[in-house]
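Hi there,

Have a look at it first, and then read my notes below.

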Amino acid sequence: MFRKQFGNLSRVSTHLSRNVLAARVASREAEMSTNAAPAEAATAPPVVNEFRTGVGNPGEHSEVQIGKFYTIPMQEKKQIFSGGGLPKQYEQQIKTFTEACLMVRSPALELLNYIKRADLSKPVVRYVLYGDNGVGKTLSMAHVLHYGMLNDFLLVHVPWAPNWMKRPKESANSASQEGFIDLPFDAAAWLVHFKTQNSKLLERLQLKTSKEYVWSKRESTPAGSSLIELVEHGIARIKYASETTAALISELKQLATAGQCKIMVAIDGYNAFFHPITRIFSDNKQRVSPDRITLTQPFLDITNYDWTNGVCILSVDKIAMTEGYMESYLPRYLLGKEGFEHLDPFVPVHVGNYTEKEFTSYIKYYLDRHWISKTQPGFEEQLKFMSNMNPYTLMQLVRGL
């Protein structure tokens, strides 16, 4: 019924500019010529208006910027998110608009304020993003990751942990731990992601391994090797990618505690590590639990509080679970007793639907990009009613056909 009544709100035409009010087009003609230029070629300062901010450094964001969009340079976006970390539909939007814009929202700003005021000499603090489906937990984490990259944090980022438990690329019996399952291709892909995010900083810091790692009778990584060498070994020798990941995480914890680097851990869908079962089968055709996956333990270790000089940003999500475990979005329910006790104490950060100001900015941004057109009076109120101001639902309503 809603589709018949309001279907014209979500239709996208190649000639949307004809449907936009003439006055709006005329007032923004010069601005659009700047905004629509490819990000790679644009060197002019960012356009500032009622829904954009020219403050591009997340560390400088404050309450003044709440509800406004800021632009991530394409090179930085590629470095941080080439291995994942942004919703698929949001990635498509970035390609369409040729710019990566994030809205400054209160949950991300709250996290940034905590991190900037944190005493990194104390045991690591765990922050848990929680909220209903589609409210923007992943993009809030992306905002904080951008801050971490600009402020010389080594990023230990898992874009979506449930992928390992639900849709692994390949599984195999672990050669080093009897009864455990390796995910060699997923581990290698994560190492590539880690290297892409951190290679420049790793080259500058020149971090070394603390001990020798023996992989087989013929292969080993000597003590004093660079962390990049360790990572590249896991990428080149996929068979040992899971073991290399565990070794890397262990080394990072030691190096951070020794004050040689600072680390930002960011894991989306963290509660997947505490789900009763996975969709991975053992040799006897039984589903294995997450604690029998070799990739699980390293990321549980780095989210413990037994190290310093770092922060942990984790998200819990209903869709990280399987059917039958989605009744609540609260951390205690999604993490279960074991997961809750593992993180306790932690700082919860609630992510909710758009506020009125955020909703208005969102609509203005899409009108500015000629992605939607104002076809009838009151269309904003209709969108608000249909979406309940849920960010994901709103994006679905205005997406292209």
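Ser 361 counts as buried because its relative accessibility is 5%, and the cut-off for buried is under 20%. Before you go further, please keep in mind that this is a predicted model. You will find Ser 361 in helix α15, which covers residues 356–368. Which residues does Ser 361 contact, leaving aside its neighbours within four places in sequence? They are Phe 51, Gly 67, Phe 69 and Met 103.

Now turn to the loop between β10 and α14, where Tyr 329 is found. Is Tyr 329 buried or partly exposed? Tyr 329 counts as partly exposed because its relative accessibility is 28%. Not counting residues up to four places away in sequence, Tyr 329 touches Tyr 130, Gly 131 and Asp 132, along with Val 316, Lys 318, Leu 334 and His 350.

Leu 330 lies in the loop between β10 (310–315) and α14 (331–343). With 44% relative accessibility, Leu 330 counts as partly exposed. On the surface, Leu 330 forms a nonpolar patch with Tyr 325 and Tyr 333, and together they have about 260 Å² of accessible area.

Next, a pair of helices. The axes of α7 (residues 106–117) and α8 (residues 137–150) come within 8 Å and cross at roughly 35 degrees. The crossing of α7 and α8 is right-handed. Which residues meet there? From α7 there are Pro 107, Ala 108, Leu 111, Leu 112, Ile 115 and Lys 116, and from α8 there are Ser 140, His 143, Val 144 and Tyr 147.

Helix α11 (residues 227–236) is worth a look too: its buried residues are Leu 227, Ile 228, Leu 230, Val 231, His 233 and Gly 234. What do these buried residues pack against? Their partners are the helices α10 (184–205) and α12 (241–257), and the strands β7 (213–214) and β8 (220–221).

Finally, go to helix α16, residues 379–387. Its buried residues are Phe 379, Gln 382, Leu 383, Lys 384, Met 386 and Ser 387. Just after α16 comes Asn 388, with a positive phi of about 55 degrees.

Enjoy exploring, and write back with any questions!

Best wishes

How values were computed. Residues numbered from 1 in each chain as written. Predicted model: local features only at pLDDT ≥ 70, side-chain atom pairs only at ≥ 80, totals over all residues. Heavy atoms only, no water. Patch = residues over 30% accessible without salt bridge, like charges linked within 9 Å, V, L, I, M, F, W, Y side chains within 5 Å. Areas by Shrake-Rupley, 256 points an atom, 1.4 Å probe, with all protein chains shown as cover. Salt bridge = Lys/Arg side-chain N within 4 Å of Asp/Glu carboxyl O. Helix = DSSP H or I, 4+ residues; strand = E, 2+ residues; numbered from the N terminus. Buried < 20%, exposed > 50% of the residue type's maximum accessible area, 1.4 Å probe, protein only. Axes fitted to C-alpha atoms, helices over the stretch in contact; angles between N-to-C directions. Left-handed = near helix turned anticlockwise from the far one by under 90°. Contact = heavy atoms within 4.5 Å.
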